[in-house]
Amino acid sequence: MNKYHKIPLIAGLLYLLSLIISVTYSWLSGDHLFDLGISFSAYVGLHRWTSVMYFVFVAVITISMTVYISNNKIPFVKKIIDYIIITGIFGTAFFPFNTFSAHPTAITVDIHNYFGIGLMLATTVSFIFSFISSKIRKHKISAMTSFAFASVFSTLYFLGIPMLFRTFFIWENIFIILLFVELYMEQYEKTKEITNDKI
């Protein structure tokens with residue numbers, strides 16, 4: 001393990017903290033109370049201060065994860081995929097999804113959606129790449145599980161299946177958690193290489 005190995009866990013916790021703050025404030029304000037049909041981004045975009053808070057959190061996540069990826073001994077192609085993923089996360093925060101706010105901006109929402117779809121596809125590709133290339137059994141299993149979930153999620157999304165959109169909040173956040181798990185598991189590939197070099 002290198003000195004950066006806890007960064008994905010910290011990044012995941014920052015994401016969860018921003019989720020808890022945004023959703024709790026919304027529900028306490030009576031906005032979309034217990035509504036699982038809208039995304040986390042929609043909750044963030046309800047209020048300007050939560051959008052700013054989330055952007056600050058994501059800026060920290062982006063910088064720290066860039067350091068993590070840069071110092072992780074993984075294939076170059078995987079690094080590029082990871083950088084695309086981090087760019088997607090940053091883009092969704094920079095262009096908030098404020099459809100439900102008092103002053104929605106259509107262009108911002110559209111750009112947010114483009115980044116969101118790109119993030120979904122890049123993450124799914126990341127799961128596939130890890131499953132194929134991983135030399136660590138537990139990483140391969142986690143990647144396979146994540147890819148199975150991502151496949152169902154993406155299929156339901158692009159087909160516009162109502163079941164997904166009634167509980168979209170749950171699906172989306174499981175997907176993001178699996179993403180941070182995947183980024184965390186990458187470091188075990190480096191540990192494997194170091195172990196083999198010592199044999």
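Buried here means under 20% relative accessible area, with a 1.4 Å probe and protein chains only.

A word on the source. This is a predicted model, where local features need pLDDT of at least 70, side-chain atom pairs count only at pLDDT 80 or more, and totals for chains, interfaces and linings use all residues. Residues are numbered from 1 along each chain as its sequence is written, and side-chain values use heavy atoms, with hydrogens and water left out.

Now the aromatics. The whole structure holds 23 aromatic pairs. A pair means ring centres within 6.5 Å, using the six-membered ring for Trp; planes under 30 degrees apart are stacked, over 60 edge-to-face, the rest tilted. Tyr15 and Phe40 are edge-to-face, because their centres sit 5.1 Å apart with the planes at 70 degrees. Tyr15 belongs to helix α1 and Phe40 to helix α2, 25 residues apart. Helices are DSSP runs of H or I, at least four residues, numbered from the N terminus.

Phe40 has another partner. With Tyr54 the rings are again edge-to-face, 5.2 Å centre to centre and 85 degrees between the planes. Phe40 lies in helix α2 and Tyr54 in helix α3, so this pair ties together parts 14 residues apart in sequence. Tyr54 is buried as well.

What else does Tyr15 touch, beyond residues up to four places away in sequence? Phe40, Tyr54, Ile61, Asn173, Ile176 and Phe180. Contact means heavy atoms within 4.5 Å.

Next, the core. The largest nonpolar core has 45 residues, and Tyr15, Met65, Phe153 and Phe175 have the most contacts inside it. Such a core is a set of buried Ala, Val, Leu, Ile, Met, Phe, Trp, Tyr and Cys residues joined through side-chain atoms within 4.5 Å. Which helix gives the most to this core? That is α8, with 9 residues.

There is also one aromatic cluster, with Phe127, Phe149, Phe153 and Trp171 among its members.

The search finds 1 cavity of 30 Å³ or more. A cavity is a set of points on a 1 Å grid, over the protein atoms alone, where a 1.4 Å probe fits but cannot get out; lining residues have an atom within 4 Å of a point. The largest cavity holds about 40 Å³, the space filled by probe spheres set on points joined across faces, edges and corners. Tyr54 is one of its lining residues, as are Ser41 and His112. Helices α2, α3 and α4 each supply at least two lining residues.

Methods. On a 1 Å grid over the protein atoms alone, a cavity is a set of points where a 1.4 Å probe fits but cannot get out, and a pocket is an open set with protein on both sides within 12 Å along at least five of seven lines; lining residues have an atom within 4 Å of a point. Buried means under 20% relative accessible area, exposed over 50%, partly exposed in between (1.4 Å probe, protein chains only).
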